[in-house]
Amino acid sequence: MPRDLHPRLLRGFVATAETLHFGRAAERLYVAQQALSRDVRTLEGLLGDTLFVRTTRSVELTPAGQRLLPRARRLLALHDEILAEAGAGAATRPLLLDLNSDVTGPDLTADRVLQRARAAWPEGELLARFHGGLAAAAAELLAHRLDASFGRFAGLSAPVRGQLAQLPVRLERISVMMADTHLLARRPVLRLAELAGHPVDICAGNPATTEWADLGARLLREHGLAAAEPYVPPVGLDETARYLARHGDPMLTTVGGPKIPGSVNVPLVEPVPLCLVSLVHRPGERHPGLRALAAAASELGTAESWLSRPAGSWLPAADAELAAAAQNTAPASGG
């Protein structure tokens, strides 16, 4: 069988060869360092040669890597020339982005990144939709009906993760939302232990958000808490308000979400549970709108320490590895 050489693998190789640093190369390509390392290993496997000598302190090209570099540059230049001629103007098409929520708010991560990207790229068009759920968005991405989304990448199945790329954006604090008449509603914060005897709604009834339900199930299981029965999920502010009043269970959500009429949003502590939100897209996607989103996420994250993990926090191990890789540090443990 013939072996196909994807341009993404060559771009990763060239960026690494030019920077001699996997972290800086990953930043240049707007991908996670873990994904770049995997692509380089894949390329080495296809070519049957080691391209880099890696030590804890340096990265150097091998003779095979030195021979490949000029040819890879020529091939990528030809590839880009063909695309430019065949699809002139294609890069200026609108980018379709799912914000992974059916409600919006000025403090939500995806909304803030979108607004920053629109300001930085006024000549382009970023079209947002609000269907919600990375599990559903991932299927749309793979079908090329969507260009990017936000959400918990580690909660997707391994086969789906293997076909997508992600850029860690923010460690969001988890909270519970409940009707303002609930027994626990007047607390400024809630210790996880205080949820004992109060089943928590983890949106298990929503097939579009299985990555979120997985996070909730892990959190509750590790802390001896119970999940509420799955319900048909609400859509929109008014329906969410009715839903909370009708079912009465605290709903797992994140701090900083929109205000729901007749409800409160109470942060969880001891430990502080976190969710890693990533920008998710197809590998090799070169739309300028995606670059604008990645740059906006990086600027906001740097200014506000979005990927800094607070002491005494909880994060699943798979999410912690992705967050650590983004900061080029050793993975923090889950639990």
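# Notebook: loops, strands and salt bridges

**Entry 1: a cis proline**

I looked up P271 and found this residue in the loop between β9 (263-269) and β10 (272-281). Helices (H or I, at least four residues) and strands (E, at least two) are DSSP runs, numbered from the N terminus. The peptide bond from E270 to P271 is cis, and I noted an omega near -5 degrees.

The model is predicted, so I kept its limits at hand: local features need pLDDT of at least 70, side-chain atom pairs count only at pLDDT 80 or more, and totals for chains, interfaces and linings use all residues. Residues are numbered from 1 along each chain as its sequence is written, and side-chain values use heavy atoms, with hydrogens and water left out.

**Entry 2: positive phi**

Next I looked up two residues with a positive phi. L20 is not a glycine, yet its phi is positive, about 50 degrees. I placed L20 in the loop between α1 (7-19) and α2 (22-29). Is L20 buried or exposed, or something in between? L20 is partly exposed, because its relative accessible area is 31%; the cut-offs are under 20% for buried, over 50% for exposed, and partly exposed in between (1.4 Å probe, protein chains only).

H144 is not a glycine either, and its phi is positive at about 60 degrees. The loop that holds H144 runs between α6 (134-142) and β5. H144 counts as exposed because its relative accessibility is 58%.

**Entry 3: H182**

I then went to the loop between β6 (165-179) and β7 (190-191), where H182 is found. H182 is buried, because its relative accessible area is 16%. Which backbone atom does the side chain of H182 reach? I found the backbone nitrogen of L184, at 3.0 Å. This was listed as a polar contact, a pair of N or O atoms within 3.5 Å; within protein, one must be able to donate a hydrogen and the other to accept it, and residues adjacent in sequence count only if both atoms are side-chain atoms.

I also listed the contacts of H182 (heavy atoms within 4.5 Å). With neighbours within four places in sequence left aside, H182 is in contact with H198, G248 and P250.

A227 sits in the loop between α8 (210-222) and α9 (237-247). I put A227 down as partly exposed, because its relative accessible area is 42%. Not counting residues up to four places away in sequence, A227 touches P199, V200, I202 and L220. From A227 to L252 I read 10.0 Å, C-alpha to C-alpha, for a separation of 25 residues in sequence.

P7 lies in helix α1. Its contacts, leaving aside neighbours within four places in sequence, are L76 and H79. P7 and L190 are 49 Å apart in space, C-alpha to C-alpha, and 183 residues apart in sequence.

**Entry 4: strand pairing**

Two strands pair if DSSP finds at least two bridges between them. How many bridges join strand β3 (residues 95-98) to strand β4 (residues 126-129)? I counted four, and the two strands run parallel. Within this pairing, L96 has L127 of β4 as its bridge partner. β3 also pairs with strand β5 (residues 148-151), in the parallel sense, over two bridges. There L97 stands opposite A148 in β5.

**Entry 5: salt bridges**

Side chains of opposite charge can pair when their charged atoms come close. I used this rule: a side-chain nitrogen of Lys or Arg within 4 Å of a carboxyl oxygen of Asp or Glu. By it, the count is 16 salt bridges.

I looked at R93 and D147, whose side chains meet in a salt bridge at 3.0 Å, N to O. The pair links distant parts of the chain, 54 residues apart: R93 is in the loop between α4 (63-86) and β3, and D147 in the loop between α6 and β5. R93 counts as partly exposed because its relative accessibility is 33%, whereas D147 counts as buried because its value is 6%.

The side chains of R282 and D147 also meet in a salt bridge, at 3.3 Å, N to O. R282 lies in the loop between β10 and α10 (288-304) and D147 in the loop between α6 and β5, so this pair ties together parts 135 residues apart in sequence. Both R282 and D147 are buried. Which residues are linked in a network of salt bridges? I wrote down R93, D147, R282 and E285.

Last, I noted the salt bridge between the side chains of E194 and R187, at 2.2 Å, N to O. R187 is partly exposed, because its relative accessible area is 34%.
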